[in-house]
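Please look over the sequence and the model before reading on.

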Amino acid sequence: MTNLPSILLRKHYRKVPGEPEEPTSTIVLTSTYRFFVDIRVLKDLSSIADLGSGSQSYLSNPVQWAFAGTSESVCNNNGKCFSTWHHWIDTQTDDPAHDQGEMITQDDGDVLEKGTMLNPETGMEESYEELWTDLPLTPGSSSGPAHTCVVLRVEDVETGTRGMVVRVGRWCQGILKKDGAVSLERWQWVEGKENSPDGQWDVTVRVGADELPCTHILDVEKSVEGTKIPCGAFSWEVIEVSTW
């Protein structure tokens, strides 16, 4: 297994030929087997709560976009590298597609993504740029294996339900879309808080009414690949438990 998981923080977005901006808090978690959850919530300063150690929460903030699925990356003979994200869940459409971008490593290690994607509002392909930085692959907590990915997935055709949760190290994100209604969560392991100086899991984004099983995999020792985890009205399957 050559792939490492990743935790990507977006620094800015640019719709070509516009200027770079970052109106969102955007994190992408990608597992060892290339399952990913990408959550983008708008920054509404009036609703941001300080969690300590520089962390912030965006509880009930508007979702600009969120999607989940699988990704792949290839490099051609000219040294150019491209990544493709196959959307399995998408908050903006019930007919998920994919987007592809050229990944250009910058001198400081950040990665500039350049590509085109479908604008669901216009139905047209538009050019864009995004600047990404890697967050450290730090162990999640003092309990359980140090470097572990866990992925959960659920699908129920009758109710039009799809959901995915990905945990990588100190981060966990999940999306559930049921008959068009979206619920999502982002969790982060935070240290340095007065009531828990050794650290604790905090939910920093929570939107929607349905329950997600994020709390079930914060302790990775309880996660076994191939098993089912009941949560709310659904039973989620553990489709990946991997280490790096």
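Is C75 buried or exposed? The model is a predicted one, and in it C75 has 54% relative accessibility, so this cysteine counts as exposed, the cut-off being over 50%.

## The disulfide and other cysteines

C75 is bonded to C81: the two residues form a disulfide in which the sulfur atoms lie 2.0 Å apart. The link of C75 and C81 is right-handed, with 95 degrees about the S-S bond. A search of the whole structure finds one disulfide. C81 has 24% relative accessibility and therefore counts as partly exposed.

C149 has 0% relative accessibility, so C149 counts as buried. C214 is in no disulfide; the nearest cysteine sulfur belongs to C172 and is 4.0 Å away, whereas a disulfide requires sulfur atoms within 2.5 Å. C214 also counts as buried, because its relative accessibility is 0%.

## The barrel

Eight strands form a closed barrel, in the order β1-β2-β3-β6-β7-β8-β9-β10, and their pairing is antiparallel. From one strand to the next, the twist averages 30 degrees. In general, the strands of a sheet pair through backbone hydrogen bonds, in either a parallel or an antiparallel manner.

Strand β2, residues 24–30, and strand β3, residues 35–42, run antiparallel and are joined by seven bridges. Within this pairing, L29 has V37 in β3 as its bridge partner.

## The largest pocket

The largest pocket holds about 620 Å³ of space. Its lining consists of 29 residues, and those nearest the centre of the pocket are L8, R34, S73, S83 and M103. By residue class, the lining of the largest pocket comprises 13 nonpolar, eight polar and eight charged residues.

Which strands supply the lining of the largest pocket? At least two residues each come from β1 (6–15), β2, β3, β6 (63–75), β7 (81–90), β8 (98–105), β9 (111–118) and β10 (125–134). Strand β6 gives the largest share of this lining, namely six residues. These contributing strands are also the strands named in the closed barrel.

Methods:
Residues are numbered from 1 along each chain as its sequence is written. This is a predicted model: local features need pLDDT of at least 70, side-chain atom pairs count only at pLDDT 80 or more; totals for chains, interfaces and linings use all residues. Side-chain values use heavy atoms; hydrogens and water are left out. Two strands pair if DSSP finds at least two bridges between them. Helices (H or I, at least four residues) and strands (E, at least two) are DSSP runs, numbered from the N terminus. Axes are lines fitted to C-alpha atoms, for helices over the stretch in contact, and angles run from 0 to 180 degrees between N-to-C directions. On a 1 Å grid over the protein atoms alone, a cavity is a set of points where a 1.4 Å probe fits but cannot get out, and a pocket is an open set with protein on both sides within 12 Å along at least five of seven lines; lining residues have an atom within 4 Å of a point. Grid points are joined across faces, edges and corners, and a volume is the space filled by probe spheres set on the points. Ala, Val, Leu, Ile, Met, Phe, Trp, Tyr, Cys and Pro count as nonpolar, Asp, Glu, Lys and Arg as charged, and the others, Gly among them, as polar. Buried means under 20% relative accessible area, exposed over 50%, partly exposed in between (1.4 Å probe, protein chains only).
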